[in-house]
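Visitor: I would like a quick tour of the inside of this protein. Please show me the structure to begin.

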Amino acid sequence: MNEIADLARGWIGTPYRHRAATRRAGCDCLGLLVGVWREAGGTVPDLPAYRADWRDMSHAEELQALAARWLVPAAEIAPGRILLFRIGMSPLPRHCGIALGGGRFVHAQERLGVVEGNLTLGWLRRVSGIFGFPAGD
């Protein structure tokens, strides 16, 4: 498979904890990305404070801006790719996960923790960005 996808699968079962990024102890959706990036040997940037719903961040610090600043845009969904999702009526992404391949992805969800799910048509319609971690980082 893919190293990033394999690392992401290792987080399944981690409880949901807002702003945390520790496998088996807790993470949120962004913490999942941070933890996997760290486990892959990447240099993780400092993140601004954020609410679980991303509504109170300044315009410069939206999830999309963070991804554009620190990640590498990708053209298609593939194992190990980072997916940004719009939630509800927001035109901006407020959720993220990691693609596994085979129509599956890993993400952290309140009340459920880190789970593997199907990239159903409903999720695919909400994809607003596809990225990879920087190579060699």
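**Inside the model**

Guide: By the cavity rule, the count comes to 1 cavity of 30 Å³ or more. A cavity is a set of points on a 1 Å grid over the protein atoms alone, where a 1.4 Å probe fits but cannot get out. This is a predicted model: local features need pLDDT of at least 70, side-chain atom pairs count only at pLDDT 80 or more, and totals for chains, interfaces and linings use all residues. Residues are numbered from 1 along each chain as its sequence is written, and side-chain values use heavy atoms, leaving out hydrogens and water.

Visitor: What volume does the largest cavity have?

Guide: Volume here is the space filled by probe spheres set on the grid points, which are joined across faces, edges and corners. For the largest cavity that gives about 150 Å³.

Visitor: Which residues lie nearest the centre of the largest cavity?

Guide: Lining residues have an atom within 4 Å of a point. The largest cavity has 15 of them, and those nearest its centre are L30, L33, W37, W70 and L71.

Visitor: How many residues of this lining are nonpolar, polar or charged?

Guide: Ala, Val, Leu, Ile, Met, Phe, Trp, Tyr, Cys and Pro count as nonpolar; Asp, Glu, Lys and Arg as charged; the others, Gly among them, as polar. The lining has no charged and no polar residues, and the nonpolar ones number 15.

Visitor: Which residues does L32 touch?

Guide: Contact means heavy atoms within 4.5 Å. Residues up to four places away in sequence are not counted. That leaves W11, C27, I98, V106, H107, A108 and V114.

Technical notes:
1 Å grid on protein atoms, 1.4 Å probe; cavity = no way out; pocket = protein on both sides within 12 Å on 5 of 7 lines; lining within 4 Å.
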